[in-house]
Amino acid sequence: AAYALDRYPDVERVLIFDWDVHHGQGTQQIFEQSSEVLVVNAHRHDGQKFYPATGTASEVGLGPGRGFNVNVALPEGYGGAALWSVC
């Protein structure tokens, strides 16, 4: 995302859509203060029982990036239909 914003000056915003069983906390941390990158993360989250136990719906970004981080926490055993509903 940072490369795209730097390399293509006409690009105003970039979307990162991360779907995985684990929360992409590293990507979230990199861009959580940016209003130029929208990070949408769909992952399993069931409290503190599943690593990394981050990615709650209340984690929405910081400062100018507030509102540009979206976490969609899915329950244990979620299937393909749950992922499609996120899209």
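1. Tryptophan 19 is exposed in this predicted model, with a relative accessible area of 53%. That puts tryptophan 19 over the 50% cut-off for the exposed class. Its bridge partner in strand 2 is alanine 42.

2. Do look at the aromatic side chains here. Searching the whole structure turns up one aromatic pair, made by phenylalanine 17 and tryptophan 19. The pair is tilted, with 5.5 Å from centre to centre and 50° between the planes. Phenylalanine 17 is partly exposed, at a relative accessible area of 27%.

3. Three strands make an open sheet in the order 1-2-3, paired in parallel. Strand 1 (14–19) and strand 3 (69–74) each have a single partner strand, so one side of each has no neighbour in the sheet. On average, neighbouring strands are turned by 10° against each other, direction ignored. Between strand 1 and strand 2, the parallel pairing runs over six bridges.

4. Beyond its neighbours within four places in sequence, asparagine 41 is in contact with Asp18, His22, His23, Gly24, Val70, Asn71 and Val72.

5. Finally, two arginines worth a glance in your viewer. Arginine 44 lies over the face of phenylalanine 50, at 3.8 Å from the ring centre. Arginine 7 lies over the face of tyrosine 8, with 5.7 Å to the ring centre.

Key: Residues are numbered from 1 along each chain as its sequence is written. This is a predicted model: local features need pLDDT of at least 70, side-chain atom pairs count only at pLDDT 80 or more; totals for chains, interfaces and linings use all residues. Side-chain values use heavy atoms; hydrogens and water are left out. Contact means heavy atoms within 4.5 Å. Two strands pair if DSSP finds at least two bridges between them. Helices (H or I, at least four residues) and strands (E, at least two) are DSSP runs, numbered from the N terminus. Axes are lines fitted to C-alpha atoms, for helices over the stretch in contact, and angles run from 0 to 180 degrees between N-to-C directions. Rings of Phe, Tyr and Trp (its six-membered ring) pair if their centres lie within 6.5 Å; planes under 30 degrees apart count as stacked, over 60 as edge-to-face and the rest as tilted. Buried means under 20% relative accessible area, exposed over 50%, partly exposed in between (1.4 Å probe, protein chains only). A charge sits over a ring if NZ of Lys or CZ of Arg is within 6 Å of the ring centre and within 35 degrees of the ring normal.
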